[in-house]
Amino acid sequence: MLVDNLQPFPPSFVWGAGTSAYQIEGSADIDGRGPSIWDRFCRTPGNVAGGGTGDVACDHYRRYRDDVAMMAGLGLDAYRFSISWSRVIPDGTGAVNRPGLDFYRRLVAELRDAGIRPFATLYHWDLPDALQSRWGGWIGRDTAKAFAEYADVVSRALGDEVAAWTTHNEPWVSSWLGYGWGSHPPGYRDLDLGMQASHHLLLAHGLAIPALRSNAPRAEVGITLNFSPIVPASTDARDIEAARSADVNINRSFIGPLFGIGYDELAIGPVSHALLRSAEDDMRVIQEPIDFLGANYYTRFLLRDASHPVNPFGEYVEVPGAERTAMGWEVYPDGLLDTLRAVNAVRSDIKIYVTENGAAYPDVVSDDGKVHDPDRTAYLEAHLAQVARAIGEGIPVAGYFVWSLLDNFEWTEGYRPRFGIVYVDFETQRRIVKDSAEWYARTIAAHRALAPRRPIPPPEMP
Ligand code: FCB
C-alpha cells in the first residue's frame, strides 16, 4: 500500500532517512577519535539496558560504502547523519584529527556520487568528554565558543558538499535529560543547570551560524527540535498545570528564543533567571536567521502531576487502550499535524523538515529470510498522511526523514528497540532490508513518477 494521496507532496519534496554518529559508527577508538560523554556514560553499569555501548554499533565507520549503496537502492533523496565532534577534534578544542575529518569527506563524496543529498548534523549529543571535564560541558559558556570553532573546522572541510547543515539535534534532550533530569550524560539532576545548558546550546547554535554561512554559502542552515503534544491526564487543575509547564519546557523553550519570542516566564529557578537577565546580547546571537527548522516527532504524552521532587513536570501515564510501539510510546499520528501547526503558528514562513519520525517494533527475521514489519509501515504511512494534510493546509513542509535507516544503539535502551527500516544482525553486521523499507522505496518511486525531479546540481567549486 502507498500513502493514499501523494499529490500534495511538491516535486521538490525530500525523502530521506536518518542516523547519528554514536548510534551507528562504532570504531570508537580508531583513527584518533577521542572519547565522548556517551562513551563514558555507557561504561557505568546500569546506565544502559543490557550494558550496550557504541563501541561497535552498526560498524558503519567501516561499512559506509555498502550502506550508501543500500540507500541508493532505496531511492533516498537525502541522508541525515551526524558528525562526531570528538572524532574531528578529539580534545574538543585545538588540534584537528585529519583521519576523523577524512571519514566524513569520504562519506559525503560517496553520497554525492550516489545522487543522495547529505544532511549533516553537527551535534547529536556526543560531546567530547574533554569538554565535560574542562568546563562542565554545556554548563560552561566556553563550550558554546568551542562549538563554533568545531562548526568552522567541519564546514571549511565539507562546505557546500553538504546540502543542509543542522547545528543541534534535540537540544532539549542534551540539556534537560542530561543536566536537569540526569537520565542522559553527564547525569546531573539540577533544574538550574538544565536551564543553563539549554541556554548555552542555543548560544552555540547562534555562534556557529556565521561560520556555516561563510564556508557553505549555498547550503541550508537550521536546527532540529523535538516536539510532543502534552495532554493533562484529567481535568484536575494540578494535572492541567503540570501539562502546561511541561508543554512550555518541551515544546516552547527552544523555538521561543530562536524566533525572537524569548524564554517563557515559566523558565525555572533563581540561577536561570539571573542568567537570563544578563543574556540580552546572547538573545540576538540566538536569533540569527535560519533557513529551516527540523522537527522530530514520535508521540504525545499524557501527564499527571505527581509533585515529583526532581521532575517538576509531573508523571507520564499510559493512554488507556492505546496502540503502542516497543518504546511504550502511543501511536498518535494526529500529533504530527498538531506539531506542524504549532510550529507554523510561531513562524509561518519557516521551512520545516520532519527530521525524525519512526517506530520501534520487536522485529525478527522470518523463515523466508525477510523481516516483515507491517506495524512500522502502517505507522509511517499514517504519519506521512498527516504531513500531506499539513502541506494541504499551506504549511511549508519540505521533506521527511524516517528514523532510522538502520537498527542501532538506542541510547539508554541499548540495542533492544529496533527503529530501522533496515534490520541489522549485530552479531554478523548483516543488513536485511525490511518490508517497510521496500514500501518506503515504492512510495518514493511513485512520487517521483508523479513529479519527476531535476538532478541535484553539482556544488560550485571554490
Ligand atoms: C530521538 C533521537 C534519536 C533516536 C530517536 C528514537 O530523540 O534524536 O537519536 O534515539 O529519538
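Which side chains meet in a salt bridge with an N to O distance of 2.5 Å? Select Arg 105 and Asp 102, whose side chains form that contact, a salt bridge being a side-chain nitrogen of Lys or Arg within 4 Å of a carboxyl oxygen of Asp or Glu.

Before moving on, note that this is a predicted model, in which local features need pLDDT of at least 70 and side-chain atom pairs count only at pLDDT 80 or more, while totals for chains, interfaces and linings use all residues. Residues are numbered from 1 along each chain as its sequence is written, and side-chain values use heavy atoms, with hydrogens and water left out.

Both residues of the opening pair sit in helix α5 (residues 98–113), three residues apart, about one turn of the helix; helices (H or I, at least four residues) and strands (E, at least two) are DSSP runs, numbered from the N terminus. Arg 105 is partly exposed at 32% relative accessibility, and Asp 102 is partly exposed at 28% (buried means under 20% relative accessible area, exposed over 50%, partly exposed in between, with a 1.4 Å probe and protein chains only).

Next, select Asp 282 and Arg 141, a salt bridge whose closest N and O atoms are 2.8 Å apart. Asp 282 belongs to helix α13 (residues 280–286) and Arg 141 to helix α7 (residues 141–158), so this pair ties together parts that are 141 residues apart in sequence. Asp 282 is buried at 7%, whereas Arg 141 is partly exposed at 38%.

Then select Glu 220 and Lys 351, where the closest N and O atoms of the salt bridge are 2.4 Å apart.
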